[in-house]
Amino acid sequence: MSLSEQEIQRRQALEALRNLGIEPYPAEGFEVTHTAEQILSAFENSPEDFVNVKLAGRIMSKRIMGKAGFADLKDHTDRIQLYFNRDEICPNEDKTLYNEVYKKLLDIGDFIGVEGSVFVTRMGEISIQVRSFTFLSKSLKPLPIVKTDAEGNVYDAFTDPEQRYRQRYVDLVVNPGVKETFLKRSKIISSMRNYFDAHGYIEVETPILQPIPGGAAARPFITHHNALDIPLYLRIANELYLKRLIVGGFDGVYEFAKDFRNEGMDRTHNPEFTVMEIYVAYKDYQWMMAFTEKMLEHVVKEVNNGDTEVPVGDRKINFQAPFKRVAILDAIKEHTGFDIAGMNEQELRDVCKQLGIETDESMGKAKLIDEIFGEKCEPNYIQPTFITDYPVEMSPLCKKHRNDPSLTERFELMVNGKELANAYTELNDPIDQRARFEEQLQLSEKGDDEAMFIDHDFLRALEYGMPPTAGMGIGIDRLTMFLTNKSSIQEVLFFPQMRPEKTKSVPTPADFVKAGVPELWAAAALDAYGSVEEMRKAKDTQIHQKLNGLRKKKKLDIPALSLEDVQGWI
RNA sequence: GACUCGAUAGCUCAGCUGGUAGAGCAUAACACUUUUAAUGUUAGGGUCCUGGGUUCGAGCCCCAGUCGAGUCACCA
């Protein structure tokens, strides 16, 4: 491992601290009495409460002026300025603590604990006059320095998305606002959870490793269980398990679930993502629509200071309930002029052709309709809109429409032209369900690699009887994107999936020494071959000649090699 | 998958008919007792993503690759 100049200096500082008897990584905790936020918000009203404060955090900047100096301390709440005065920190003759430890050995990025009193500087900034400080953890790698001036201009921002996502810890430390996004995400989830709990629904956990990946149309990740010697799949949905629980007598269950889909990645798709699914017995999709819009309105208000309107890109989206409801066939009629109700597969193909939508042989009716809707209608629904009553072919787990058996009781919630939620009156007729699965099997044989598998255990559960049930799933990542106004899913996931980092190990002379090359020759061998592997590929005679050649050329002051020497190394 | 753009110091970026690299911040040293992107002076710091090619000579031109970003397609 080769270290940069600054990394070496920090290791030296680490040593210097230890030589002074200061442990840079102490085992003890540090008692914290205040946070930066508390001090900044309450000091002016009651300064008497802040004559003795202890807080801990990371040093974010340092400014020294002779016998006094400043630093910014960032704790989990905010940043606050520290004032270090030499004679305050070092009341006695020995000024080491100021001159050496504070001035030279304390680096940006270090965690320290400080004790002192709060005051206001001449410049009017609330600061802590430090009486004593304690190293809590030394930082060996320099953080990128992002500076903001009085006008709020940001300098040298740490912006490279690759580095920000790969090293989210750094992103969180130096880029203001990143943490807020994730705090909001957390709040969205807890707000939703509270809403469900208040209705008496039960949060449950269901298997992530599934023998049959059911509940959605998607390509799964496959893995293998050694003891059972069977393939297992990472779940693409948890729907079928939650419905089993309704069969078992739960009235309302929900789960915040990580789902996994082995498909493309882009700024709206990550291989693992979070979906909340909820199932409520004795309800239908009409009820669920009303429940969903009220729930969303509630969540949006909670995370958005009581406002239902949120900015998304250059638009504003209003989550005020009730949302508009449009049947999918009406939507298609409105945006394409075609009435596709009752059309067969061939007729739909013709419509696609006239609309300029590409199709292929593997597409059934469902996919064709989905294409038309996705291509021509979906982008038009900016404000939250329920699209309802999908054709039966598109929804194999959904109950047929009470008024039209060619349709289903399903809705999707479209926001900003994207699907945010999906819900059904759940199919609980086991015979119908079996028939629908069998249609999926035919699609699969036709080449649709996303068609659903038949889950016989799920059918068996339905045969015992499932009460009428409404179910709904909502994409938490997408919801978070809307509510934080981010245009990519990577911004709302702490650790989005990335291609593995290439760790190109740079060979050093030491590697050659380890391989048996004498130290005298290691640098030359590195020069000649670049890596141990390359050298091993060469013949001993070639190595012998090449290295001696190099010795001559570079006038190395070392004895010439014999062939026997070289044979001894490899 | 296609196209476009990018990769140079710890970070943000510059670089020129093709002549072995430069700024700001960060770092180090000195000065300075309340600074505000602190300041002033000085110094150090680089496999210019990788591999080939053209050339007397490549960070720059050509080819191939890696990684990333954006647009589109595919996929939900």
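Because the model is predicted, local features are reported at pLDDT of at least 70 and side-chain atom pairs at pLDDT 80 or more, whereas totals for chains, interfaces and linings use all residues. Residues are numbered from 1 along each chain as its sequence is written, chains are lettered from A and ligands numbered from 1 in the order in which they are written, and side-chain values use heavy atoms, with hydrogens and water left out.

RNA strand B is surrounded by 52 residues, a residue being counted as near if one of its heavy atoms lies within 4 Å of the strand. The closest are Gln9, Ile64, Gln81, Glu378 and Glu450. Sugar or phosphate accounts for 55% of the atoms of RNA strand B within 4 Å of the protein, and bases account for the rest. Polar contacts are pairs of N or O atoms within 3.5 Å; within protein, one atom must be able to donate a hydrogen and the other to accept it, and residues adjacent in sequence count only if both atoms are side-chain atoms. A polar backbone atom of Ile64 is 2.4 Å from a base nitrogen of RNA strand B, and a polar backbone atom of Gly66 is 3.2 Å from a base nitrogen of the RNA. In Glu162, an N or O atom of the side chain is 2.9 Å from a sugar or linking oxygen of RNA strand B.

Two or more residues of this surface come from each of helix H1 (5–19), strand S1 (53–65), strand S3 (79–85), strand S6 (147–148), helix H5 (161–166) and helix H12 (365–377). Helices (H or I, at least four residues) and strands (E, at least two) are DSSP runs numbered from the N terminus. The most is given by H5, with four residues. By class, the surface near RNA strand B has 17 nonpolar, 10 polar and 25 charged residues, where Ala, Val, Leu, Ile, Met, Phe, Trp, Tyr, Cys and Pro count as nonpolar, Asp, Glu, Lys and Arg as charged, and the others, Gly among them, as polar.

In strand S20 (residues 469–475), seven of seven residues are buried, that is, under 20% relative accessible area with a 1.4 Å probe and protein chains only. In a regular strand, side chains alternate between the two faces of the sheet. One side of S20 carries Thr469, Gly471, Gly473 and Gly475, and the other Ala470, Met472 and Ile474, all buried. Strands pair if DSSP finds at least two bridges between them. Strand S13 (residues 272–281) runs antiparallel to S20 and is joined to it by seven bridges, with Ala281 opposite Thr469. Strand S19 (residues 418–425) is also antiparallel to S20, through five bridges, and Ala423 has Met472 as its bridge partner.

One cavity of 30 Å³ or more is found in the whole structure. The volume of the largest cavity is about 40 Å³. Its lining consists of Gln210, Ile212, Gly214, Ala237, Asn238, Glu239, Leu240, Tyr241 and Asp455. Helix H8 (residues 239–247) gives the most to this lining, with three residues. The lining divides into four nonpolar, three polar and two charged residues. On a 1 Å grid over the protein atoms alone, a cavity is a set of points where a 1.4 Å probe fits but cannot get out; lining residues have an atom within 4 Å of a point.

Technical notes. Buried < 20%, exposed > 50% of the residue type's maximum accessible area, 1.4 Å probe, protein only. 1 Å grid on protein atoms, 1.4 Å probe; cavity = no way out; pocket = protein on both sides within 12 Å on 5 of 7 lines; lining within 4 Å. Points joined across faces, edges and corners; volume = space filled by probe spheres on them.
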